[in-house]
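Hi everyone, thanks for coming.

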Amino acid sequence: MTNEVLQRNLNRQLREIYGKEIADEWTGRYYDLIASFIQVNGRPVGSHQNRLDRHTALLITYGDSLYSENLAPLASLLKFLDTYVGDALSTVHILPFYPSSSDDGFSVVDPFAVDPRLGTWDDIALLGSRYQLMFDLVANHLSRSNYWIQECFSGNPEYKDFAIFLTGEENLRYVFRPRTLPLLTSVDTSEGKRLVWTTFSKDQIDVNYHNPKVLYSMLEVFLAYVGKGVSIVRLDAVAFLWKEFGTSCIHHPKTHAIIRLFSWILDILAPQSFLLTETNVPHRDNISYFGNGSDEATMVYNFPLPPLVYHTFLSQDATALHSWAKTLRLPSVKVSFLNFLASHDGIGLMPVVGILDDKKIEAMAEHAIAQGGFVSRKNEADGTTRPYELNINYFSALSDLVENESETMAIDRFVAACAIMIFFKGIPGIYIHSLVGSQNWYGDPELKVHPRRINREQLNLEALQTELSDSSSIRAKVLSRQLQLLQLRKAEPAFSATADQDIPECSNPSCFIIERRSHQDSASLLVVVNVSSLDQVLCLEGIPSFLGPFENLMGEDFGNLDNKEIVLRPYQVAIFKQLCLSPQ
């Protein structure tokens, strides 16, 4: 692409957002920023590999989820990965590791720096030499301690209207509220007290994308991360970027235009890297961030999966999961889902509104409370409330579903749930506390104020190593079994992100079946999971592709299966692979 074509295409992208006059005024500055990046980093070398297939599984972790007396937290994380995980994972998502003033990293003070309490850019680079990396671009807001925000408040004309100032008389009745905190916050400025827009907290100041300086500044941050070799950029809270009075101020067309700009820039500067959008909203809105299947996000979170899997094991019935999974469609082979169960947040329930009825959603909330978790509720227009998010460790959420259940049963259930996520079409994202079998954490004195921290324990590396050295411990059993699943996934082309998936009809509602097929050959893999606490008989006669002989990659021999019938133990996972017969 010539410089003239690049500049012309950039102008076209900016006109979508700002119109002709502003786009023409700012195109040169934006172009100089991109040209400077190319001058320092060079033009990328093309690759024919699908960028999704470079990722087999990713770890989600805070920079300080692990700590040691003798190592920086980021170095402790690498030591853990080198010692226990190795190549079972391809990618590490380090949640915001920048200096921050609140919200466990998401109130970013300096987006260009590494929090010195966690380590340095050298520590990040060392992690990047072993794994592909995902960084967060916290694009919707900045800490009120951020330099740009402070300059805005102090009256620096270069940062005029960097934040969204209001009088309090604007029409905000339709604004979608993800939290019950006030939308407007009073701040001190050079002009006295003024109101600013704060979607998430009084310390997180929404930035004003109507001002092209804001987008330019965020592009500076974006390119800094690309320059550090990031493979995936996660756009945090991206659905809220563009505000328009009189609207819901979520999913605005210009928000999508901004995402297209970032995606276009990545295609030019780092074609093996891509965007992940974080939009915890109903499924139809969530998948709209794929755009046309090639021009926005390459990956979106599969948000209905965590609550649906939770409901499946709570009810011991896979009917809802089966019905939903059969409806999933992707707009192209260039995009995929990030599948996950646990995360640094909670189990979001809004994505299953309309998939599960209110009674089933309330049942999940009641069990979470019974297991020591918390429930965040959302006010509805009719004055009622509904559960919005469950704040609980996923292992704990799935515990005590059977009276006097054994530790072995609890582990088997959790591993079975993880198996559904790991082998489902897409890329699995495993939260560090799920990987090592953590449970609810009550060590934070402000837990009732910040209930999400129930699943954000900071683990001492030496203590964790002691637990993992005991093969009878929950942590050791969970880690070893998940690594087995991850290595199996990595070894089989049929489990790649772009391989095909079918959800066959199942004769037993207490079982869930996934069929995966590689593009490299015609062989099928069947993942069969018993989601109940009882033995289950499953007839595989109705699956057209189930033509023997098969082997169970999980080890247990089911015989020749002439009667196409198997008996699964409680929470058992079986993975059948077609064997190629030698010619007679």
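One term before we start: when I say two residues touch or are in contact, I mean heavy atoms within 4.5 Å. With that in mind, Leu137 touches Met218, Val221, Phe222, Tyr225, Val233, Arg234, Leu235, Asp236 and Phe262, leaving aside residues up to four places away in sequence.

A word on the background. This is a predicted model, where local features need pLDDT of at least 70 and side-chain atom pairs count only at pLDDT 80 or more, while totals for chains, interfaces and linings use all residues. Residues are numbered from 1 along each chain as its sequence is written, and side-chain values use heavy atoms, with hydrogens and water left out.

Back to Leu137, which sits in strand β4, residues 132-138; strands here are DSSP runs of E, at least two residues, numbered from the N terminus. Is Leu137 buried or exposed? Its relative accessibility is 1%, so Leu137 counts as buried, buried being under 20% relative accessible area and exposed over 50%, with a 1.4 Å probe and protein chains only.

Now its neighbour Phe222. Besides Leu137, Phe222 touches Val233, Phe262, Ile265, Leu266 and Leu275, again not counting residues up to four places away in sequence. Phe222 and Phe313 have the most contacts inside the largest nonpolar core, which has 181 residues. Such a core is a set of buried Ala, Val, Leu, Ile, Met, Phe, Trp, Tyr and Cys residues joined through side-chain atoms within 4.5 Å. There is also a second, separate core of 13 residues, including Phe550 and Phe558.

How values were computed: Helices (H or I, at least four residues) and strands (E, at least two) are DSSP runs, numbered from the N terminus.
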